[in-house]
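This report describes selected features of a single protein model.

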Amino acid sequence: MSSVLRIALQKSGRLSEDSYQLFKECGIRFDYGTGKLKSVSSNFPAEFLFLRDDDIPGYVEDGVADLGIVGENVAVETGRPVKTVHKLGFSKCRLSIAIPRGTDWTGIHNLDGKNIATSYPNLLGRYLAGQGVRAEIHEISGSVEIAPSIGLAEAVCDIVSSGSTLMSNGLKEVETIFRSEAILISRPDLDADKQVLVDKLLFRIKSVQAAKNNKYIVLNAPNHALGQITALLPGMKSPTVTPLATEGWSSVHSVLNENEFWENIEAIRAAGAEGILVIPIEKMIY
């Protein structure tokens, strides 16, 4: 196949590191480092472009790149007509309104007639309009948190992960207006050959994601409790049960979703399971 996917990635920052790690886990190798503008994979038909995150949706829309990884907040804010192919589950954050600590807050209508500084005027404007709030939005490209202390605005709207940056600037988070994570975007008019490559890439990504969300469980169970224990371990199809040398006992092998892990493990132990081993899964292919 002569087609090559051109994939746009953020050139630096947390999203960049997480994106590179994803491709590494998918077995796709390419050179990645400070100062690089592009790189060609040595074992997958893909070329990687390293760009500013705000520019990625535009490059994908214009057909310079076939795919891109961006924060959902960036894709929505820019409003470019690109297609969300898949949510990637990393680089999660939220877009929130914050005000100086010590300022009273009873609700979003406290912002009526106020000034709000943000790098996301479109997302903020739509949210305020939906809430019936009339406020003055001041678009600034960086250091949003300093706006209240220099008298530019009474509130800010910015990306929050841990909230430590807001706290260090004397602000408190009061309203979340948008939740975001990394997404894979594409232009909507990919040709058939490139769509085949996208499907191959998605197969790898979904296998890696499934592995992260599940654990491999091995345990010993008394035979009289097998029905109860296996009901708690559905696995990919069903658990594997093999007899042990000790009469009346069996070994049970299965897969358990991370979200159900602790609750189910407690119930499995209560049913009589012993010697429980929990093993990470590298890839999980259905």
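## Cysteines and basis of the model

How many disulfides does the structure hold? The count is zero, a disulfide being a pair of cysteine sulfur atoms within 2.5 Å. Cys93 is in no disulfide, and the nearest cysteine sulfur, that of Cys157, is 11 Å away. Cys93 is buried, at 14% relative accessibility, where buried means under 20% relative accessible area, exposed means over 50% and partly exposed lies in between (1.4 Å probe, protein chains only). Cys26 is also buried, with a relative accessible area of 5%.

The model is predicted: local features need pLDDT of at least 70 and side-chain atom pairs count only at pLDDT 80 or more, whereas totals for chains, interfaces and linings use all residues. Residues are numbered from 1 along each chain as its sequence is written, and side-chain values use heavy atoms, with hydrogens and water left out.

## Annotated domain

An unreviewed UniProt entry lists residues 52–206 as "domain: ATP phosphoribosyltransferase catalytic"; UniProt positions are given in the numbering used here, feature names are shortened, and annotations may be inferred rather than shown by experiment. The span is 28% helix and 30% strand, and its end C-alpha atoms lie 26 Å apart. Helices (H or I, at least four residues) and strands (E, at least two) are DSSP runs, numbered from the N terminus.

Helix 8 comprises residues 261–270, and its buried residues are Phe261, Asn264, Ile265 and Ile268. These lie on the same side of helix 8, because they cover an arc of only 100° around the axis; the arc is that of the directions from the helix axis to the C-beta atoms. On the other side, Trp262, Glu263, Glu266 and Ala270 are exposed.

The cover over the buried residues includes strand 12 (214–222), helix 7 (226–231), strand 14 (249–257) and strand 15 (274–280). Just after helix 8, Gly272 has a positive phi of about 115°.

## Aromatic pairs

There are eight aromatic pairs. Rings of Phe, Tyr and Trp (its six-membered ring) pair if their centres lie within 6.5 Å; planes under 30 degrees apart count as stacked, over 60 as edge-to-face and the rest as tilted. Phe30 and Phe48 are stacked, at 3.8 Å centre to centre with 15° between the planes. This pair links distant parts of the chain, 18 residues apart: Phe30 is in the loop between helix 1 (14–25) and strand 2 (38–40), and Phe48 is in strand 3 (residues 46–51).

Phe30 is buried at 6% relative accessibility, and Phe48 is buried at 0%. Ring pairs join Tyr20, Phe23, Phe30, Tyr32, Phe48 and Phe50 into a cluster.

Note on methods. Contact means heavy atoms within 4.5 Å.
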